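Subject: Structure for your review

Dear colleague,

Please find below the structure that I am handing over to you. My findings come after it.

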Amino acid sequence: MKKLLIILTLALTTSTVFAQSAKYNDAMTKTLAEMDTLKSGDQFMALANKFERIALAEKSMWLPYYYSALARCTAVFIYNDNAKTDAILDVAEKHAKIADSLQPKNSEILVLRSMVLGGRIMVDPMTRGQSLGMQSMMVMNEAMQIDPTNPRAYYMLGQSLFYTPPQFGGGKEQGCAMFKKSKENYAIFKPASALHPNWGEDQVDEMLKQCTPAVDPVTGGEKE
């Protein structure tokens with residue numbers, strides 16, 4: 001009798017886990033599918049809230065927290081409104097830290113944490129740039145050390161360098177070198193699953209267009 005009860009308990013537990021897993025995968029798949037269709041900051045905030053609800057239902061999973069933070073960072077860059085930025089990034093940072101606690105030493109999460117710091121710098125580059133810029137660079141370097149093949153690490157570093165004046169250590173040439181390295185890594189990158197991070201290649205392609213000199217159709221040389 002005791003053996004039968006153990007078997008029934010195991011069977012019930014396994015069934016429940018599979019049911020939860022299927023529900024989680026379905027919710028994540030549907031919500032991720034929306035991500036590529038969004039345009040406005042409000043839409044990304046609504047998506048972030050959907051991921052947050054999944055996270056609260058599946059508290060041991062790091063990916064819903066990751067995407068909640070990513071969607072909030074994306075909303076900040078679209079809004080470009082300093083009055084909204086810090087409050088949105090406070091939640092993004094909180095969710096990135098939870099993801100980090102669930103999946104320590106993960107290159108994708110470290111890239112995300114660097115994005116949060118980059119968003120905060122946008123609010124006041126003169127005041128925040130030096131201290132937060134160093135923090136952001138340290139976190140990004142750690143992401144690249146953990147996974148040198150992560151294309152998003154090189155993409156985000158390229159963004160930072162591309163828009164930083166040469167006198168402060170950046171410049172177009174350095175940024176473009178990172179975009180090219182990112183593109184090389186995308187060619188060999190394979191996500192761990194359909195739910196794992198696999199974004200950014202389209203954005204890299206757009207940035208690489210800015211790295212290619214325009215050709216003058218008359219002279220055949222580079223346009224001024």
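The notes that follow begin with the overall fold and then turn to particular helices and residues.

Please bear in mind that this is a predicted model. The protein contains 9 helices and 0 strands, and from the N terminus on its elements run α-α-α-α-α-α-α-α-α. Of its 224 residues, 38% count as buried. Among contacts between residues at least 6 apart in sequence, 60% join residues at least 24 apart. The protein exposes about 13,200 Å², of which 58% is supplied by carbon and sulfur atoms.

Helix 6 spans residues 125-146 and has a kink of about 40°, centred on Ser131. Its buried residues are Leu132, Ser136, Val139, Met140, Ala143 and Met144. As a general point, an α-helix has 3.6 residues a turn, so residues three or four places apart point the same way.

How are helix 5 and helix 6 oriented to each other? Their axes come within 8 Å and cross at roughly 170°. An angle over 145 degrees counts as roughly antiparallel, and helix 5 and helix 6 are therefore roughly antiparallel to each other. On the side of helix 5, the contact is made by Ser107, Leu110, Val111, Arg113, Ser114, Leu117, Arg120, Ile121, Met122 and Val123. Helix 6 contributes Pro125, Arg128, Gly129, Leu132, Gly133, Gln135, Ser136, Val139, Met140, Glu142, Ala143 and Ile146. The residues of this contact divide into 12 nonpolar, 6 polar and 4 charged.

Backbone angles in two loops

Most residues other than glycine have a negative phi. Asn80 is not a glycine, yet it has a positive phi of about 50°. Asn80 is placed in the loop between helix 3 (62-79) and helix 4 (82-102). With a relative accessibility of 55%, Asn80 counts as exposed, because the cut-off for that class is over 50%.

Lys105 likewise has a positive phi, of about 55°, although it is not a glycine. Its place is in the loop between helix 4 and helix 5. Is Lys105 buried or exposed? At 58% relative accessibility, Lys105 counts as exposed.

Ser101 is located in helix 4 and is exposed, with a relative accessible area of 54%. Ser101 and Trp62 are 39 residues apart along the chain, while their C-alpha atoms are separated by 8.4 Å.

Ile78 lies in helix 3. Its relative accessible area is 37%, so Ile78 is partly exposed. Which residues does Ile78 touch, not counting those up to four places away in sequence? They are Lys39, Ser40, Gly41 and Phe44. Ile78 and Asp42 are 36 residues apart in sequence, and the distance between them in space is 9.2 Å, C-alpha to C-alpha.

Yours sincerely

How values were computed:
Residues numbered from 1 in each chain as written. Predicted model: local features only at pLDDT ≥ 70, side-chain atom pairs only at ≥ 80, totals over all residues. Heavy atoms only, no water. Helix = DSSP H or I, 4+ residues; strand = E, 2+ residues; numbered from the N terminus. Buried < 20%, exposed > 50% of the residue type's maximum accessible area, 1.4 Å probe, protein only. Contact = heavy atoms within 4.5 Å. Areas by Shrake-Rupley, 256 points an atom, 1.4 Å probe, with all protein chains shown as cover. Bend = angle between axes of the 7 residues up to and from the residue. Axes fitted to C-alpha atoms, helices over the stretch in contact; angles between N-to-C directions. Parallel < 35°, antiparallel > 145°, perpendicular 65-115°, else oblique. Nonpolar A, V, L, I, M, F, W, Y, C, P; charged D, E, K, R; others polar.
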